[in-house]
Amino acid sequence: MILITGFGPFGEKGSVAHRENPSEALANAAGEKLGARTEILPVRFDIGEKVPELVSGADLVLSIGVAGGRTVPRLEKLGVNWQEARTADVTGLTPTGQKIFDDGPDFLASGWDLDRIASECGIEISLSAGTYVCNTLSYSLYRHHGNSCFLHIPPAEHLALEEGVELVERIVECCMSA
């Protein structure tokens, strides 16, 4: 079973991501097209605690989040065991610097062959998902599910939904053919 996750709205009132998070629309559309299970997650720093249950039964996991300052999609190679933010999550939590898991290594890598996938899909690789909730999810995924990866997409004005669905299809095909 393929699991595709996206995030729900977050951020300041009036921001694009507060009205609708593009990762939610992409996860739902790609999940429907691929016949995958789709989960839309709240933008919460405690998301890591829910990952073991979330990924249970999944053969492949692709999580999607939006990165406001980016103009191209990027696969996240590493999850860093750190939470720090200037923007609160949807519960109002704004960590000032703490480990995600006290017993975890400083970073974990995706189990995917990202160099091959990025090359075949014509996208970039990033070495870090930052320190916001996307990173918390990527680190937790890499800790609990070896066949997982995190994809950061740009805001909707830089990636049309149809283009994003095609990209997710190509990424999943690359993973399945490995």
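Start by selecting arginine 74 and glutamate 124: they form a salt bridge, with the closest N and O atoms 2.7 Å apart. (A salt bridge here is a side-chain nitrogen of Lys or Arg within 4 Å of a carboxyl oxygen of Asp or Glu.) This pair links distant parts of the chain, with arginine 74 in strand β4 (residues 74-76) and glutamate 124 in strand β7 (residues 124-126), 50 residues apart. Helices (H or I, at least four residues) and strands (E, at least two) are DSSP runs, numbered from the N terminus. Arginine 74 is partly exposed at 25% relative accessibility, and glutamate 124 is partly exposed too, at 38%. For these labels, buried means under 20% relative accessible area, exposed over 50%, and partly exposed in between (1.4 Å probe, protein chains only).

Before moving on, note that you are looking at a predicted model, in which local features need pLDDT of at least 70, side-chain atom pairs count only at pLDDT 80 or more, and totals for chains, interfaces and linings use all residues. Residues are numbered from 1 along each chain as its sequence is written, and side-chain values use heavy atoms, with hydrogens and water left out.

How many salt bridges does the structure hold? There are 10. Select lysine 99 and aspartate 106 for another one, where the closest N and O atoms are 4.0 Å apart. Lysine 99 is partly exposed at 33% relative accessibility, whereas aspartate 106 is exposed at 54%. Then pick Asp113, Arg116 and Glu120, which salt bridges with shared partners join into one network.

Now go to lysine 33 and glutamate 169, a salt bridge with its closest N and O atoms 3.4 Å apart. Lysine 33 sits in helix α2 (residues 22-34) and glutamate 169 in helix α6 (residues 161-176), so the pair links distant parts of the chain, 136 residues apart.

α2 and α6 pack at an angle of about 55°, with their axes 9 Å apart. That makes α2 oblique to α6. Axes are lines fitted to C-alpha atoms, for helices over the stretch in contact, and angles run from 0 to 180 degrees between N-to-C directions. Under 35 degrees counts as roughly parallel, over 145 as roughly antiparallel, 65 to 115 as roughly perpendicular, and the rest as oblique. For the side chains at this meeting, select Ala25, Leu26, Ala29, Ala30, Lys33 and Leu34 in α2, which meet Leu161, Gly164, Val165, Val168, Glu169 and Val172 in α6. Contact means heavy atoms within 4.5 Å.

Next, select valine 55 in helix α3 (residues 51-55). Valine 55 is buried, at 6% relative accessibility. Leaving aside neighbours within four places in sequence, valine 55 is in contact with Leu3, Val61, Leu141, His144 and His145.

Finish on helix α5 (residues 133-144), whose 12 residues reach 16 Å from first C-alpha to last, close to the 16 Å expected at 1.5 Å a residue. (The expected span is 1.5 Å times one less than the number of residues.) Because 10 of its 12 residues are buried, α5 is largely enclosed by the rest of the structure. Among those buried residues are Val133, Cys134, Leu137, Tyr139, Leu141 and Tyr142.
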